[in-house]
Amino acid sequence: MEDSFGEWFSRVIREAEIMDPRYPVKGLCVWLPYGMKLRNLVISIIRRLLEERGHHEVLFPLLIPEDAFNREAEHIRGFENEVYWVTRGGGEELDVKLVLRPTSETSMYPMFALWVRSHADLPIKVFQVVSVFRHETKMTKPMIRVREVTTFKEAHTAHSTREEAEAQVREAVEIYRKFFDELGIPYVITKRPEWDTFAGAEYSIAFDTLLPDGKTLQIGTVHNLGQNFSKVFGIEFQKPDGGHDHVYQTCYGISERVIAAAIVVHGDELGPCLPPKVAPIQVVIVPIVFKDEREPTELSHALLQELERGGIRAHLDLRNLRPGNKFYYWERRGVPIRIEVGPKEARWRKVTAVRRDTRKRIEIPIEELLDKIKTLLVEMEVEMKKRAWDKLNERVRKVGKLDDFEKITGGIAKMSLCGGGCAREAEERTGFKILGEELDSKPSGRCAVCGRAAERTVLMARSY
Ligand SMILES: [Zn+2]
């Protein structure tokens, strides 16, 4: 898995029937029923977290007129080389060319300008889950680098003061922390360097996780847009004192990369072990039937009913296959718990549960089934999260001097830098990229490059 992560991932999403990448347009994939259920469960978590913090869901059109798209100069520079254009409608050339949204600032903000009149109209806190399109020229990889990002959750907010927007950035970071924590995905949070800031933003904060091959994957970003867009789009409001100002904005997004991360960070050589919270099937029941005994199957039906009544997503596998084949089948789909029900179990009124992550076998008396399964799912969640965090932490290494760097092959390097131009030198000499300044870190010690007093702590890695 460490050596050939790419192959592992492609194989796993097909074998687990999550996605089919064989769609005849490069960089576009099909979500299969099992993958779609997983995707919807992941979305339901972020939707809940956003709604709890006062965000409202909206749906803006896919097409953006050229003049709106071209209004913010920095923003166009960031996206112009990767947008898809719609230039014809039927047989006619369009008067105004249309962009397939690569992100929705230029779709939403002209409407914000119509909605906002006074301070009483603020704040605006909206989000949507949509497809965005980017003409990727690099090699595409399902969920990780695609031309249609199908699960783009983008939130956009507008505020009457800079301080409120600043507080919103913090809230967004907290929401994303909780989101990744619920999925057991470990992360580092950095303030991106200026050259890697979102096009049109004052600054960007990003979440990155670490994949088994030692490269980082950006899984979430939060941007403080200041008044850059509101000035361009004329989003103005009357203040309580009668004066006027432009709104202060933030936006933040995640994509199906989160789903990729959930598959990868908990996976093993067999395939995924899905976090219990989002596993489409949390428990699969496999009756083991010899000759034509009826007890195991009958008992399995009863257990299924009980688990479903208790709110567990359970499935009973009655296919005419050998048990061993069924075990393998569900392991490759990452189902957290398998319950085996044989004739002995039926007689002794207990079943055997097998955890997907540790393969540990646990005997459970039938009367205690629901409680025990619920406890087991929670235990798995906690332990999976801890193991994933341990793996990440093991691969974050402190580098005191750049000369020590050869010892690191992959993972994340953490080093102190001065305020001068040593960042570029560090990138050139190591081949690693600066992810950014570690959020809320206190600089200490000496610059790893020049030895002067350190002014920041940065994280560096090779990235997707
Ligand atoms: Zn320096």
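Me: In what order do the 3 strands of the open sheet stand?
Reply: This is a predicted model: local features need pLDDT of at least 70, side-chain atom pairs count only at pLDDT 80 or more, and totals for chains, interfaces and linings use all residues. Strands (E, at least two residues) and helices (H or I, at least four) are DSSP runs, numbered from the N terminus. The pairing here is antiparallel. The order is S4-S6-S5.

Me: Which strands stand at the edges?
Reply: Residues are numbered from 1 along each chain as its sequence is written. An edge strand here has a single partner, so one side is left without a neighbour in the sheet.

Me: How is H2 oriented to H6, parallel or antiparallel?
Reply: Axes are lines fitted to C-alpha atoms, for helices over the stretch in contact, with angles from 0 to 180 degrees between N-to-C directions. The axes of H2 (residues 33-52) and H6 (residues 162-182) come within 10 Å and cross at roughly 150°. Angles under 35 degrees count as roughly parallel, over 145 as roughly antiparallel, 65 to 115 as roughly perpendicular and the rest as oblique. Therefore H2 and H6 are roughly antiparallel.

Me: Which residues of H6 meet Ile 45, Ile 46, Leu 49 and Leu 50 in H2?
Reply: Contact means C-beta atoms, placed from the backbone, within 7 Å. By that rule, the H6 partners are Ile 175, Lys 178, Phe 179 and Glu 182.

Key:
Contact = placed C-beta atoms within 7 Å. Pairing = 2+ DSSP bridges.
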